[in-house]
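Thanks, everyone. Please have a look at the model on the screen, and then I'll walk you through a few parts of it.

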Amino acid sequence: MVYFISHNIARKEIVDNQPAWVHRKGATRAMPGGHHSLADTPFAKSGHPILLPGNPRDGSAVMVADEGASASCYSVNHGAGRVLGRRHAKRVLDQSTVDSEFDSNDILSNCRKYPIDEAPAAYKDFNEVLRSVKSAGLASEVARLKARFVIKDASKADD
Ligand SMILES: Nc1nc2c(ncn2[C@@H]2O[C@H](COP(=O)(O)O)[C@@H](O)[C@H]2O)c(=O)[nH]1
Ligand SMILES: [Mn+2]
């Protein structure tokens with residue numbers, strides 16, 4: 001499946017029967033089946049796919065919005081999010097521990113040294129994040145994707 005979904009975007013939508021600008025920053029749209037904006041699309045009945053990345057070790061989840069997403073203007077978080085900032089991660093995480101964790105999980109990457117600021121431990125506990133999304137009634141999990149090969153861009157992070 002290839003599905004494009006943006007997480008930093010302002011769009012004009014109908015909210016409470018009125019046109020409104022909805023700005024999702026670090027969040028992604030989450031329209032359940034039956035939502036008016038999905039009429040005449042392949043996702044009209046099922047709701048569209050939500051791709052929620054966790055971290056390079058624990059993978060990502062494919063989710064679908066539930067009715068409760070109306071409370072967040074049909075939005076969910078676009079990932080697990082950070083528990084350590086980039087500089088903090090570089091200070092406290094150990095390169096060899098990060099690299100050996102990929103070996104022990106049988107995950108290959110294009111990096112001789114994995115970028116430590118994007119190591120699994122730099123992100124929040126993925127199961128806990130998914131649990132809170134589900135228990136808030138925002139979305140349900142459809143599938144979990146586990147990485148076999150992680151490709152990282154060599155250029156400097158711009159955030
Ligand atoms: N499955 C993976 N998830 C990842 C990886 N690197 C980061 N992340 C998650 O994505 C969000 C969004 O990333 P961002 O670069 O736009 O901030 C981030 O909060 C992590 O939860 C990865 O290699 N694989
Ligand atoms: Mn981002």
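**A walk through the model**

I'll start with H7, which counts as partly exposed because it has 17 C-beta neighbours inside 10 Å. The cut-offs: buried means 20 or more other C-beta atoms within 10 Å of the residue's own, exposed means 12 or fewer, and partly exposed is in between, with C-beta atoms placed from the backbone. H7 sits in the segment before β1.

Now the ground rules. This is a predicted model, so local features need pLDDT of at least 70 and side-chain atom pairs count only at pLDDT 80 or more, while totals for chains, interfaces and linings use all residues. Residues are numbered from 1 along each chain as its sequence is written, and chains are lettered from A and ligands numbered from 1 in the order in which they are written.

Helices (H or I, at least four residues) and strands (E, at least two) are DSSP runs, numbered from the N terminus. Contact means that two C-beta atoms, placed from the backbone, lie within 7 Å.

Back to H7. Leaving aside neighbours within four places in sequence, H7 is in contact with R24, G26, A27, T28 and H78. UniProt lists H7 under "binding site", in an unreviewed entry.

Which residues does that annotation cover? In the unreviewed UniProt entry, "binding site" covers H7, N8, S60, H78, G79, A80, G81 and K152. UniProt positions are given in the numbering used here, feature names are shortened, and annotations may be inferred rather than shown by experiment.

Take N8. It is in strand β1, residues 8-15. N8 is exposed, with 11 other C-beta atoms within 10 Å. Its contacts, not counting residues up to four places away in sequence, are K25 and G26.

Then S60, in strand β5. S60 counts as partly exposed, with 19 C-beta neighbours inside 10 Å. Leaving aside neighbours within four places in sequence, S60 is in contact with L51, L52, P53, G54 and L145.

**The ligand**

S60 comes up again here. Around ligand 1 there are 15 residues, and the closest are P53, P56, S60, G79 and A80. A residue is near a molecule or strand if its C-beta atom, placed from the backbone, lies within 6 Å of it. Which elements give two or more residues to this shell? They are β4 and β5. The largest share, three residues, comes from β4.

**The sheet**

Pairing requires at least two bridges found by DSSP between two strands.

β4 and β5 (residues 59-65) pair in the antiparallel sense over five bridges. I50 has M63 as its bridge partner in β5.

**The helix on the sheet**

Which residues of α3 are buried? F126, V129, L130 and V133. Seen down the helix axis, they fall within an arc of 95 degrees, so they line one face of α3. That arc is taken over the directions from the helix axis to the C-beta atoms. These buried residues pack against β4, β5, β6 (75-77) and β8. On the other side of α3, E128, R131, S132 and S135 are exposed. G137 follows α3, and its phi is positive, near 75 degrees.

**Two more residues**

V150 lies in strand β9, residues 149-150. V150 counts as partly exposed, with 17 C-beta neighbours inside 10 Å. Not counting residues up to four places away in sequence, V150 touches P56, I107 and S109.

Last, H36. It is in the loop between β3 (27-29) and β4. H36 counts as exposed, with 10 C-beta neighbours inside 10 Å. H36 and H88 are 52 residues apart in sequence and 44 Å apart in space, C-alpha to C-alpha.
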